[in-house]
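Visitor: I am new to reading structures like this one. Could you walk me through some features, with the general idea before each case?
Guide: Gladly; let us have the model in view.

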Amino acid sequence: MKTKALFLGCLFIAASLSAQPQLNENNIAAVVKAMSAEEKALLVVGFNSACEGYDPGLPGTGGLTHPFPKYGIPSVVLMDGPVGVRLEADWHDGLGEAHFTTCFPTGLLVAASWDRETAFQMGRGIGEETLDMGGDVILGPGMNLLRNPLNGRNFEYFSEDPVLSGSIAAAYINGVQETGAGTSAKHFAANSQETNRLDGDSRMDTRTLRELYTRGFEICLRESAPWTVMASYNLLNGVYTQESYGLLTGILRKDFGYKGLVVTDWTGKRNTPLQVHAGSDLFMGGAYSQTEHILASLEDGSLQMKDLDRAVTKVLELVVKSVSFRKPDFEPSLRPDLEGHAALARAAAAEGMVLLRNNGALPLTPGKTALFGVHSYDLIPGGNGAAYVSCPYVIQLNDALKEAGFSIDPGLEALYKGYAAFADADLTLNHKVNVHVGKPQKGELEITRSLIEKAEKEADVAVITLGRISGEARDRILGREFLLQEPEVDLLENVCEVFHAAGKKVVVVLNICGVVETASWNYLPDAILCAWLPGEEGGHSIADVLTGKVNPSGRLPMTFPLDYFDMAGAEDFPYNFVSDRANESVVHPERRGLDPKNLNYTDYTEGIYVGYRHFLTRGLDVAYPFGYGLSYTSFEYSAPTVQQKGDRIIASVTVTNTGSVAGKEAVGLYVHAPLGNFADKPERELRAFGKTRLLQPGESQVVELSFPVRDLASFRSSLSRWETARGTYTVYFGADCRKPEASLPLKLSTGRNYSVTRACEPK
Ligand code: BGC
């Protein structure tokens, strides 16, 4: 009897299942048609803890989409991103086994490699790990423009230049997506500060928006096809980006031709029906109230079913691409290739380190080393927030140098290791640590002059590591985090004095999340290596560069100013807003006696003059320019060519290694444009870049660079039109924006104009 009932029950289920279309690549429209309004309104809102059967997958998972077994629709699993797959720290499975993913070097370092292949390979490693951990989409790359050096998330992002950002992002995306995982290019757009990030309004003219803040995304979409684009938290000219029809439908879909899905950054605080209409398709993290709001708006006519159907279609298009859909029996292994990817992380990190100064100190030959600075023993591999990766281990610089044949002063080693352990315990005890803001910076240990003198007696060379960490939801503070602190300055001065008096060299390693002030001290040490936040293999990568095993070839993806206030728009950033409260929303600052400027709204008064565009045009000195970086060898440029071929500019230059060791050279192509109808233009702008292979001494390579003619255009806000001026341009070759190695004139006899959607205008 029981068996019969079960049999009949199964028949009934089978009949009702077969009555519904089962999702496949070719019947999305039929599934959309079959779904009820309720089902649609559930599908577009993230599957969350209010939903029956919710299982977030691995702890740390960013979010899931709603499954509908009756249509054969599984959940799509979205994981952070972007520098590795984020799991909850110290997560153990049911059997008590800890699982880890690779902590790759952070975005800034990848951009500093000026190497698409590095970004591609790293993307591929992250894509593989996403699938291994049961994910479908990695929530990266983060590609907001570095408007200001104090943005807490700069370490995740790429550059102050949209060409470098866009192309490196595209290479990362192509790498991830080659594995079968998807990506999310984030955060669209103008999400340039973390302070009041949920409610701050980025205000700018449309020339600035088009030439800088959406330009990186435009280039990225030309060179890759990310499955998703993430709409940011902030407002843009008075409208939340997630509610902006002009931004999401006008600029992103119509002008850039984007065909994928728009996912919202993780807030439920917006007007959901308005978001649907604007072009947002998937609402994460997701709250049931959003589903209810959509249904009520359909009912009262304020939301049209065709808009919801568009969003549902985009979600289903994402579903059919996902591994969760394509391999319903795909079991995540939870075991990424940690060894193989560690080697990848080590090579990638060395590729993006930038040698800022070298007064004959580097490369080092193995010897006795006095290793100063707490971060020599407690390296910062990455930043905090969504980009935090719980890595299996971190290679420390002291250990890596020992492996490379150096001996490390044992007294200093014991002292610093003890201090690092103490500082960790103290921070855990006395600060509310959370994954967003993370642990505060460890202060540098104050050590006495006599200890330095003692160490000098036993050492051939001194190495000092200085560190800076940052994370999501808080910007860095000028006085506390951009400038060196007293113990750091004392350490630098004393070590340099003592070692130099004995005729010995001092090397500084910067283990930093972003720009720090260097001009007041950079003449003291003999060498400075900018190692960024280099991931779990960081110690090895730094040692590889210090010893010359790898010849440094990284170039700065942003300017290091002499002084913070030299930057245009320096005052238009919350550079002194001190708050450690993650995600603090400061909607009514005046009620707390705070100035709403830079909290409620930030005026991008500098316009297009961000970073090198400002410094070059105004002829201002900097500490280190955009594109700067030294090598252990030298290169010569010859035989530059440039011509217009149809709608592209094709250029080439021969690069020869004229030094005595093998090395790679990053090559930038900058253009100086005639004014045309414009009153002002930047002195020079990066239009293309590339990198040589490893060139042996005496070896040459012809580096070919090309870009569409229309990239030469400037944006005329009043007409919402890109205008390409006729006349003579100058094309410069060389990575350092201040030091062209070769140049040529380029004559354009026909100037073309392109009108685009009028959107996102300031109020
Ligand atoms: C971050 C995103 C991240 C998301 C999911 C948000 O707070 O801004 O970058 O992908 O959380 O964790």
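Guide: A residue is called buried when its relative accessible area is under 20%, exposed when it is over 50%, and partly exposed in between, using a 1.4 Å probe and the protein chains only. Because its relative accessibility is 9%, glycine 690 counts as buried. This is a predicted model, in which local features need pLDDT of at least 70 and side-chain atom pairs count only at pLDDT 80 or more, while totals for chains, interfaces and linings use all residues. Residues are numbered from 1 along each chain as its sequence is written, and side-chain values use heavy atoms, with hydrogens and water left out.

Visitor: Where is glycine 690 found?
Guide: Helices (DSSP runs of H or I, at least four residues) and strands (runs of E, at least two) are numbered from the N terminus. Glycine 690 is in strand 22, residues 685-691.

Visitor: Which residues is glycine 690 in contact with, leaving aside its neighbours within four places in sequence?
Guide: Contact means heavy atoms within 4.5 Å. With those neighbours left aside, glycine 690 is in contact with Trp114, Arg116, Glu665, Ala666, Val667 and Leu705. Leucine 705 is 15 residues from glycine 690 in sequence, and their C-alpha atoms are 6.9 Å apart in space.

Visitor: Is glycine 175 buried or exposed?
Guide: Glycine 175 counts as buried because its relative accessibility is 0%. This residue lies in helix 6, residues 162-178. Apart from neighbours within four places in sequence, glycine 175 is in contact with Phe120, Gly123 and Arg124.

Visitor: Now the ligand. Which residues surround the ligand?
Guide: A residue is near a molecule if one of its heavy atoms lies within 4 Å of it. Around the ligand are Asp80, Leu139, Arg153, Lys186, His187, Arg197, Met230, Tyr233, Asp265, Trp266, Ala386 and Glu472. For sorting them, Ala, Val, Leu, Ile, Met, Phe, Trp, Tyr, Cys and Pro count as nonpolar, Asp, Glu, Lys and Arg as charged, and the others, Gly among them, as polar. The shell divides into 5 nonpolar, 1 polar and 6 charged residues.

Visitor: What lies 2.7 Å from an oxygen atom of the ligand?
Guide: A polar contact is a pair of N or O atoms within 3.5 Å; within protein, one must be able to donate a hydrogen and the other to accept it, and residues adjacent in sequence count only if both atoms are side-chain atoms. A polar side-chain atom of histidine 187 is 2.7 Å from a ligand oxygen, and aspartate 265 also has a polar side-chain atom 2.7 Å from an oxygen of the ligand. For lysine 186, a side-chain N or O atom is 2.9 Å from a ligand oxygen. The protein covers 94% of the 310 Å² of accessible area that the ligand has on its own; such areas come from the Shrake-Rupley method with a 1.4 Å probe, and for residues, only the protein chains shown count as cover.

Visitor: Where is histidine 99 found, and what does its side chain reach?
Guide: Histidine 99 is in the loop between strand 2 (77-79) and helix 4 (107-112). Its side chain reaches the backbone oxygen of leucine 334 at 3.1 Å. Histidine 99 counts as buried because its relative accessibility is 3%.

Visitor: And what does the side chain of histidine 672 reach?
Guide: The side chain of histidine 672 reaches the backbone oxygen of glutamate 683 at 2.7 Å. Histidine 672 is placed in strand 21, residues 666-672, and is partly exposed because its relative accessible area is 25%.

Visitor: Which backbone angles deserve a look?
Guide: Most residues other than glycine have a negative phi, and most peptide bonds are trans. Here a cis peptide bond joins glycine 81 and proline 82, with omega about -5°, and another cis bond joins leucine 362 and proline 363, with omega about 0°. Alanine 473 is not a glycine, yet has a positive phi of about 75°. Asparagine 598 has a positive phi too, near 70°, and is buried because its relative accessible area is 7%.
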